[in-house]
Amino acid sequence: MLFALPLQGDEGLEADVDRAFDIAHCFANAVKNSNGAFVLASEPQCTNVCFWYVPPHLRPFDINNATEEQMEELHEVAPKIKAKMQEVGDDLIGFQKNRGLTNFFRFDFTGARGLDERDIFALLDRMNAYGDQL
């Protein structure tokens, strides 16, 4: 960021920040509209979207009514999908557990320049396909 202001100016940085928030919002909406394949772990914070892939047999998934066994199974999903993505050279999305929640994916859109909606829909489609292979 040290050199970003002289290179981009106020308007360029503002556009980058606005784009990051817009694409994060679009991604969160895609998760919400995935027919249960993905579920938000929490409402987006700034440009961070935290979510789970939910295996078909656990759908519909409700964190408030999930059993301990379901949570344990969900905990194993993110590492397996990430491993598959690494194996095939796909995007790298981090996962973590936090505040007592089981492993979830965390996508931070701070570097969203160049991303568009087609990219995020395609990413979710690929993640869904990897998850369906588990």
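A residue is called buried under 20% relative accessible area, exposed over 50% and partly exposed in between, with a 1.4 Å probe and protein chains only. This is a predicted model, in which local features need pLDDT of at least 70 and side-chain atom pairs count only at pLDDT 80 or more, while totals for chains, interfaces and linings use all residues. Residues are numbered from 1 along each chain as its sequence is written, and side-chain values use heavy atoms, with hydrogens and water left out.

**Whole chain**

Start with the C-alpha trace, which spans about 55 × 30 × 25 Å along its principal axes. Colour by secondary structure: there are three helices and four strands, in the order α-β-β-α-β-β-α along the sequence. Helices here are DSSP runs of H or I with at least four residues, strands are runs of E with at least two, and both are numbered from the N terminus. Of the 134 residues, 37% count as buried. Contact means heavy atoms within 4.5 Å. Among contacts between residues at least 6 apart in sequence, 54% join residues at least 24 apart.

**Helices α2 and α3**

Select residues 68–88 for α2 and 117–132 for α3; the axes of these helices come within 9 Å and cross at roughly 110°. The axes are lines fitted to C-alpha atoms over the stretch in contact, and angles run from 0 to 180 degrees between N-to-C directions. Angles under 35 degrees count as roughly parallel, over 145 as roughly antiparallel, 65 to 115 as roughly perpendicular and the rest as oblique. α2 and α3 are therefore roughly perpendicular to each other.

Now show side chains at the crossing. From α2, Ile 81, Lys 84, Met 85 and Val 88 make the contact, and from α3, Leu 123, Met 127, Tyr 130 and Gly 131. Sorted by class, this contact has six nonpolar residues, one polar and one charged. In that scheme Ala, Val, Leu, Ile, Met, Phe, Trp, Tyr, Cys and Pro are nonpolar, Asp, Glu, Lys and Arg are charged, and the others, Gly among them, are polar.

**Met 71**

Stay on α2 and select Met 71, which lies in this helix. Is Met 71 buried or exposed? Its relative accessibility is 18%, so Met 71 counts as buried. Beyond its neighbours within four places in sequence, Met 71 is in contact with Phe 61, Ile 63, Ala 66 and Thr 102.

**Aromatic rings**

Rings of Phe, Tyr and Trp (its six-membered ring) pair if their centres lie within 6.5 Å; planes under 30 degrees apart count as stacked, over 60 as edge-to-face and the rest as tilted. Trp 52 is buried, at 2% relative accessible area, and Phe 61, at 11%, is buried as well.

How many aromatic pairs does a search of the whole structure find? The search finds eight. To see a cluster linked by ring pairs, select Phe 27, Phe 38, Phe 51, Tyr 53, Phe 105, Phe 107 and Phe 109.

**Arg 106 in β4**

Next select strand β4, residues 101–108, which contains Arg 106. Arg 106 is partly exposed, with a relative accessible area of 33%. Leaving out residues up to four places away in sequence, Arg 106 touches Asn 48, Val 49, Cys 50, Ile 93, Gly 94, Phe 95 and Gln 96.

**Cys 26 in α1**

Move to helix α1 and select Cys 26. Cys 26 is buried, at 14% relative accessibility. With residues up to four places away not counted, Cys 26 touches Glu 117, Ile 120 and Phe 121.

**Backbone in the loops**

- Select Asn 35, in the loop between α1 (4–32) and β1 (38–40). Its phi is near 60°, a positive value in a residue other than glycine, and Asn 35 is exposed at 75% relative accessibility.
- Select Cys 46, in the loop between β1 and β2. Phi of this non-glycine residue is also positive, near 55°, and Cys 46 is exposed at 56%.
- Select Pro 60, in the loop between β2 (48–53) and α2. The peptide bond joining Arg 59 and Pro 60 is cis, with omega about -10°.
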